[in-house]
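Subject: Structure for your review

Dear colleague,

Please find the structure below, followed by an account of what was found in it.

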Amino acid sequence: MNKIIKIKLLMALAIVALIGNSLYAQKSQLSTANIKGKVVDENAQPMSNIEVKAFLTSAFTITNANGEFEIKVASVKTDRLVINQPGYKLNIVEIKNAVAPLEAITLERINVFGENNSFDLPYKTMESNKNVSSINVISGDELASYPTASFLESLSGLLPGVVINSQSSQPGSEENAVYATVRGESAMIYVDGVIRDPSDLSPSEVDKVEVIKDLSGRAALGIYGSSPVIWITTKKGQSYNREMKFNAEYGASSATAIPEYVGAYDYATMYNEALANDGLTPFYTNEAIQAYKDNSDPVNYPNINYLDKYVRPYAPFRRANINFSGGDNKVNYFSMISYVGSEGLEAVGEKNKSDRFKMRGNVNIKLTDFIDMNVNISGTYKTGRNPHGNVFSTIAGLPSNAHPTMYNNQLIISNDYPVNLDNELIYSGFEQSSTLSTQNNASLKFDLSEYVKGLSATASISFDASSRNVNGKIQNANLYRLTQTDGTTSTELVTAEKIQDDLSLISSYIKRKTVEQISVNYDRTFGKHALVANASFYQGMFEENYLVGYQPEKIQDLSLRANYTYNEKYVVQIDQVLSGSMRMAKGSRFELYPTIGLGWVASKESFLKDNAAINYLKVNASLGIIGVNSFELSGYNSYYLYQTLWQTSETWTSGTNDKKANPLPGYIIKQAGSEGYSVPKNCNFNLGIESSLFNNSLAVNLNYYLVDHYNLISQKQYYTPSIFGSGGFLPATNFGEYMQYGFDGMVQYTKSINDFTLSAGINANYMRGKYITVDEPMLEAEYRKYAGKQIDEFMMYNAEGLYQSQDEIDVRNVTHTFGEVKPGDIKYTDYNSDGKIDEKDQYRSGAHSPRLYFGANISLAYKGFKLKVVGQGTTDGSQMIASNSYMIIDGVMSLANSYFSSTTNKQNFSTAMLDRWSANNTDGTSPRLTTTSMNNMQRSTYWLVDATYFRLKNVELSYTLPKATSKKMLMGNCTVFARGSNLIEFSNLSKYGVDPENMWAGNSMYPIYRTYTFGITCLF
Amino acid sequence: MKKIYLIIIAALMFSGCEEYLDKVQDSSGMNEEDVFTDYLNYRQFEDRMYKDLNDYLADYDYTYIAALCDEGYTESFQWETLPVAQNGDWLRAYSLGQAMQFKPVWNSWESIRIANISLAKIDMLTNATEEQKKELKGQAHFMRAWYFYEFLRRQGGMPYITKALYGADNFAMPRLSYDETAQKIAADCDSALALLPVKWDNANLGRPTKGAAMALKANTLLFNASPTNNTSNDQKKWEAAAKAAWELISFAESNGTYKLMECKSNDFITYKTPDGVKTINFVGGYDSIFNFLPYNDEIIWENYGQMQNGGRYTTFTTRSLAVGGIIQGYSPSQNIVDLFETQNGLSINDDPTYDDQNPYVGRDPRFYHTILFNQERWSSNSDYYLGLYNGGTERLNQKQYSYTGYLSRKFWVNNVDKNSKEEHPISHCIYFRYAEVLMWYAEAANEIGGPNFTFPGATMTAADALNKVRQRVGMPAVNAKYLADKNSFRERIKNERAIEFYLEGKRFFDLSRWGDASKIEHKQVFGITISEDKTKPTGYAFNRNSTPVITLTFDQKHYRWPVPLTDATMFEEFKQNPGW
């Protein structure tokens, strides 16, 4: 889609907004009565500058310094006053009497923790007093400040225990994944009660995001709630309210990190140095090196900075959406149309591009007095366009002296580097994708209290579908090679032009999902006894057609929950879920998983009731067991581990001629079916407190958790000797156990003084883990074993620095097994003192994933100005910046370890390698250069870099027009803002030119974006 | 109480709807019933047990057993395993890439499992004749014994697994002694012997026969009687070996199933000297044992499947002239060349007619079948003489050319176009042939009673048996000076085995079982320096090298191969061999 269409679209959205607004304005002429009133807070103090709306007339006004207001209403019987003040509960006031002033309207503040909160749990909304689970919540509106196309990313740094990891920001790529892990496990993400991909959500359609961390809150989901759940609910319309919200922002994205590569002169010098170190003859002549140095012959001795030429500093980012919501006593609606577009950083030719349109309609209809219908429908249309390949990884493998890009208007490649970036980006075609997806829920809610007081039932179905087609052209231009004859340079054709006239299908898929749910709820209080009980049945199927023989993923479970509260203080909740795994044989599919949760609202106890400092204090604990659905064994074709599968295979050919031409196949077991295994399980324990202190200005939440993963699926390979004769196909069994434990928590302080509001908070998750039993060699030396060790340790050598002289090597007199060792090579500790440096000298140490994740946020508001800053960081962990695989696969290697592995496998070098060891530079940070020895390529402490970082993930500076001004402009609210993401980072890894969140972004993978935008939000 | 209530509700709700979770039927519907009830399927299952047969001639095998003893030298083209193995670090060789002699043989446990499953499931078979069932069982017994024999002559005794193990079984099994294992192998051979046919029809050539079972038993017992494995020199073991060998000889003699390939034709080679091209005539036909013919009566048990894989180079065969010189990955050693007797039946040191400056005339005919020497003509349609002198076209001090001054000719036949890149012989990968059975008898009988001893019930003396092998290539009977006692005759048997079975995967194991492999004369592999000198009879001067091409590492511990580390470190009961 071209830029003009996009601009038109934005204009159209704006026009719709204005028309809608003027319609409201016309309606406001119909007013018939004037009403006076007053707005106060919980302490009966008047509240000024609060917007009051009349539902039918759409009139609105603002309270004065005394909290008083006067407004026109349509009819005292049917009209309502609506006060929707952010941070407070929605207030809808009936007008009973047109003459007398209204009673003072009290606004109830929503505290992070407190009695008037409630949590949406699967199948049931639970008041916070009755909740026994550890849950953190954030509203969708708070996520809008993060400029990104990927919804999950906007959660970065905001919720304790939740780690959002962005891999890359390539527009239009399905692989541009953002992962959410909670307490070290990959989160199960539900949108409106169904497991769904959240990446296409727009913050403006999201009501709230809850993180259900412990088991009691998610036990009802059965084995599909075995790891922490991110429970997202979309917005609903509010009765007696009518809102239109328009938001548009525009900005630019750049890469957070791209390594800097050496120029031709350095490259040639270093390559020769590496050869010299190996006792080999130099590859580049002195004339060549001189030519690289003075750029005297750009044809034969080129020196090209590809990043300058092929990568532009910024790419545009656009986002806009418009929401309509409202309702009356019968029908509520919420609808949204949104657009988000981003582009790649390619400077020439094809650019990565992505455009996404989304719409949603959520409607609640009261069909009869006791039946409510709810329908949520959303649709997404996404288009993407990508050049073949990734310009960043191409550059990482292409030294600046490889060959000129163009000579005599011909595109040049060379034998060693058969790549031409002009060809890649301009002439080799593209892929374009279009994805259409829809997510639909419909449910009926029956209020059965007429028959049994407190009884209700819900039945719902949902079906989702998405299809994706990728079309493209695979072509290339004429590619030439430089040739030299008698000192004159000419070219010869290597690859002839290939042009594709029509698009061809590259890939496609269709995915479908259907879910049926029935739930019966009983909720009643008898004096001091409150009982909430719930029985639910859940059944779902997910089909994906792009894999031949793909088996649909199926879910079936039945859950029962009973929650009993005594005197609003003591809570006990028992969850029993009978959950079926399709990975098990018939007859052993269902298992019953129990969970118990306890709650104590301490602040209700007499000894705390009148404590001025403690407004709310609650202690939760839960303990439960749940099965895990996702288990597979490598080498097995499916996860139906109970099946014995046979397959044909080549055979030993006996006999003469006929058999030779036509050998009969043999039969072998492809998978040895197992009878003796069960679903792997987690035992979960959580202990948490949540509290609201000092006049609700300080919210505190602290949790200790422990998850024991046991009965893991294993082949017990190291307990099965060769004499078993399995040929690699051992039946599955339960073996293996590890546990994860840690703390997470948050503190949030909020204080308003006059026009100034401060909110600041931190959250953190500190986690450790330990292997308990592992399928590993039994007689392995203790220091090499997993069992009993931390789960995040590296297996590596200890580096004692670099050998500084041949004498040092000779005197030490150990055998090196990774190749020739010379001065400037890494000196490894002989860990087991056997006089030989080999794999037995590796030991477990360090932490490859940070143990402490933390987020910090601060927001300052003064009158209309607001500054919001969110940061995220990690510490107590390391990154191995070099390893063998790292080295061979991509050019990043260059950053530290990419000495030449061989003369035919030359990679680009980052400038981080310039400071290498040599006889003249014995303080070099990199080891000596070599083309042959693998000694320096081993995983060792030498390459271990502290992975601590802190990054400003999100900053927003906004100005909201004074209400009086916006009122004149017929708007309820108008805010202009500037936003940014991934703005600044403090990291040890920055000096290597890599991103602290993903070392591969910007070199072998597409970069992560740093985005700046400005825009406007209008509320009518 | 609550739980019971729950279960009742659960039962009500789920009865009849668990099918929702059923797997959608997929296309591969074969189950155990299908495989084991039908004869053809059953046989195809069982035939997979042949897949681990080791191919000692394989071109892709970069750890030739022939390069780990004094037969010759080769350097691998690309893999690191061979130098590691030559250096004696066999434990490490298991873990490296192309360790064909090492890890894959150890993987034969899978084939043992197939054999065991096949023996256990035989009653499931519905549409097979009794004869067919016997054949299936016989082959399973034989192949189980075969793989244990492969382990025996490498690592030694093993737990003798006779049923397929499952998860609940005890895996911590102690290793049996060498003798115990050998007896179990012999017992399996006896079972196989009773079940297997004397011969297979043409469509099933290559499957084991009665004769193969007898040969496997005889060879196992010979290994069991050999000095390394019979440190107390228990005569009973030699007697058992002699008896088993003689049983096969008398079986062969009585029905003519096996006999030595007759060598009655005439063959010749030519070579260039300053005096012109000269010719050497010798007995022909010996090469037919190894080549082309689908089968011959000398072969008792071979890796026939490999032969069926079609034309291939072996590293031991010379390759075409077309690439500008003969290429061969393998260089025969001077050690072996010196073992070929003169045509007078004397060792070169004992024969005064032997001239070390004209060393290739008047040698055992097998020499000309086996070794290519300097200035020998090697071309079918043009005069191309091998430059195996130092600096010659076939001796450029590079991989694929000769390191020693010799190339190997064994596994070639004359009627193949030597100039062609494409044509190369298909060699039988023979495990047992009749000549060897005669020599087993000779060896065992000599150990019991010396060269002139006839084992009770037999009709040949030890020397008679050996002479049969010599006579078919026109060599005189063993000279009387070597028949004085069992010691001097033992040396002739060793000598005879070295040249008769050159490159047939025997010598490494022979040197090992005799306890000779760790001796310096077998660890040092020599070549010869050949330089142009017109005054010499051949136009070249021959100087014995003082520095070996390689000195192999073979210590006491190498007499028993290590078991791979994973197994050695899994259960205390499964012991590593001493020294590893």
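I begin with a pair of residues in chain A: Lys53(A) stands opposite Phe60(A) in strand 3 of chain A. Strands here (E, at least two residues) and helices (H or I, at least four residues) are DSSP runs, numbered from the N terminus.

Before going further, please note that this is a predicted model, in which local features need pLDDT of at least 70 and side-chain atom pairs count only at pLDDT 80 or more, while totals for chains, interfaces and linings use all residues. Residues are numbered from 1 along each chain as its sequence is written, chains are lettered from A and ligands numbered from 1 in the order in which they are written, and side-chain values use heavy atoms, with hydrogens and water left out.

Strand 2 (residues 51-54) of chain A contains Lys53(A) and is covered on both faces. Glu51(A) and Lys53(A) lie on one side, Val52(A) and Ala54(A) on the other, and all are buried; buried means under 20% relative accessible area, exposed over 50%, and partly exposed in between (1.4 Å probe, protein chains only). In a regular strand the side chains alternate between the two faces of the sheet.

Strand 2 of chain A pairs with strand 3 (residues 60-62) of chain A in the antiparallel sense, over three bridges; two strands count as paired if DSSP finds at least two bridges between them. These two strands form a hairpin with five residues between them, and Ser58(A) in the turn has a positive phi of about 60°. Strand 2 of chain A is also joined by two bridges to strand 5 (residues 80-83) of chain A, and these run antiparallel. There, Val82(A) in strand 5 is the bridge partner of Lys53(A).

Two open sheets in chain A

One open sheet has three strands in the order 4-1-7 (chain A), with mixed pairing. Strand 4 (68-73) and strand 7 (105-106) of chain A stand at its edges with a single partner strand each, so one side of each is left without a neighbour in the sheet. Strand 1 (residues 33-40) of chain A runs antiparallel to strand 4 of chain A, and six bridges join them. Within this sheet, Gly37(A) stands opposite Phe69(A) in strand 4 of chain A.

Another open sheet has five strands in the order 10-16-17-14-15 (chain A), again with mixed pairing. Its edge strands, strand 10 (135-139) and strand 15 (194-195) of chain A, each pair on one side only. Strand 14 (residues 188-191) and strand 17 (residues 229-234) of chain A pair in the parallel sense over four bridges, and Trp231(A) in strand 17 is the bridge partner of Tyr190(A).

Strand 49 and strand 50 of chain A pair in the antiparallel sense over 11 bridges. Gly855(A) stands opposite Gln872(A) in strand 50. The hairpin of these strands has two residues between them, and Lys863(A) takes a positive phi near 50°. Strand 50 of chain A also pairs in the antiparallel sense with strand 53 (residues 949-960) of chain A, over 10 bridges, and Val955(A) in strand 53 is the bridge partner of Val869(A).

Lys953(A) has its place in strand 53 of chain A and is buried, with a relative accessible area of 1%. The C-alpha atoms of Lys953(A) and Leu983(A), 30 residues apart along the chain, are separated by 6.4 Å.

Helices of chain B

Glu447(B) is found in helix 15 (residues 434-449) of chain B and is buried, with a relative accessible area of 8%. Leaving aside neighbours within four places in sequence, Glu447(B) is in contact with Gln235(B), Trp238(B), Lys486(B) and Arg490(B).

Yours sincerely

How values were computed:
Contact means heavy atoms within 4.5 Å.
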